[in-house]
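Dear colleague,

Please find below the sequence and structure that I am handing over to you. My notes on what was found follow directly after.

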Amino acid sequence: MEPVEVEFLAEKQLITIVPNFSENKLCLISGEFGPFNPSMHTQVPLWLALNLRQRHKCRIEPPQWLNVDTLTEKKREEQESPVFTKMPSPHYMEVAMLVLNNAGEDVPRSDEVRALVKDIWDLRVAKLRKSVNIMVLQQETYAKLDNLTVMEINTIRSFLTNTLDRLHSMRVPAQMFRAGDDSSTF
């Protein structure tokens, strides 16, 4: 899966907007959304919120977790925990970047929020690389990694599968060689 496909999945998450137009319900394949009344909060998929925002038809209410206090706490938890902590959204990185890139002025202290999201991402990717390194060094064939997001799995997937394939191809001849040595001792 490409990062663009993961982002596409993230765009299906619901987000609150404050429209500045009037419209009845929209009937879409993914469901009915609305009605849209000025200054009345309503939930829509992220892709629709971004589209309306680009056309200056609404203001996006950032998700509750997309603020400096919550992200600072998440960063602290991630630093202190030896395992992956549960993230506030399975698509935290994609949602944060889409909202910040398209409606940054709707997010209070957006520069700090952007830096915190990047810090959390960097911490988690470093932890993921460390876990993979330990797994490879200990010659494990599987690992249990809880609380990873789709984008994090997608980031490491090709590297990990290639590494495991190479380790396997190196082990098979070594096992055959050892098996050959055992049979020659009779």
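**Findings**

M1 is partly exposed, because its relative accessible area is 43%. This residue lies in the segment before α1 (3-10). Together with F8, L9 and V150, M1 makes a nonpolar surface patch of about 340 Å². Please bear in mind throughout that the model is predicted.

**Helix α5**

Helix α5 covers residues 110-137. After the helix comes Q139, which has a positive phi, near 55 degrees.

An α-helix has 3.6 residues a turn, so residues three or four places apart point the same way.

The C-alpha atoms of K118 and M93 are separated by 8.3 Å, and the two residues are 25 residues apart along the chain.

**Salt bridges**

The structure holds 13 salt bridges. Three of these pairs are described here.

The side chains of R53 and E105 meet in a salt bridge, at 2.5 Å from N to O. This pair links distant parts of the chain, 52 residues apart: R53 belongs to helix α2 (residues 46-54), whereas E105 sits in the loop between α4 (92-103) and α5. R53 is buried, because its relative accessible area is 11%, under the 20% cut-off. E105, by contrast, is exposed, because its relative accessible area of 60% is over 50%.

E78 forms a salt bridge with R124, and their closest N and O atoms are 2.9 Å apart. Here too the pair links distant parts of the chain, with E78 in helix α3 (residues 68-80) and R124 in helix α5, 46 residues apart. Both E78 and R124 are buried.

E78 has a further partner in K127, and the closest N and O atoms of that salt bridge are 2.8 Å apart. Because K127 lies in helix α5 and E78 in helix α3, the pair ties together parts that are 49 residues apart in sequence. K127 is buried, because its relative accessible area is 12%. E78 is buried as well, because its relative accessible area is 1%. Through salt bridges that share partners, E78, R124, K127 and E152 are joined into one network.

**The largest pocket**

The largest pocket has a volume of about 530 Å³. It is lined by 24 residues, and those closest to its centre are F84, S131, A143, K144 and L145. The elements that give two or more residues to this lining are α5 and α6 (150-183). Which element gives the largest share of the lining? That element is α5, with 7 residues.

With kind regards

How values were computed
Residues numbered from 1 in each chain as written. Predicted model: local features only at pLDDT ≥ 70, side-chain atom pairs only at ≥ 80, totals over all residues. Heavy atoms only, no water. Helix = DSSP H or I, 4+ residues; strand = E, 2+ residues; numbered from the N terminus. Expected span 1.5 Å × (residues − 1). Patch = residues over 30% accessible without salt bridge, like charges linked within 9 Å, V, L, I, M, F, W, Y side chains within 5 Å. Areas by Shrake-Rupley, 256 points an atom, 1.4 Å probe, with all protein chains shown as cover. Salt bridge = Lys/Arg side-chain N within 4 Å of Asp/Glu carboxyl O. Buried < 20%, exposed > 50% of the residue type's maximum accessible area, 1.4 Å probe, protein only. 1 Å grid on protein atoms, 1.4 Å probe; cavity = no way out; pocket = protein on both sides within 12 Å on 5 of 7 lines; lining within 4 Å. Points joined across faces, edges and corners; volume = space filled by probe spheres on them.
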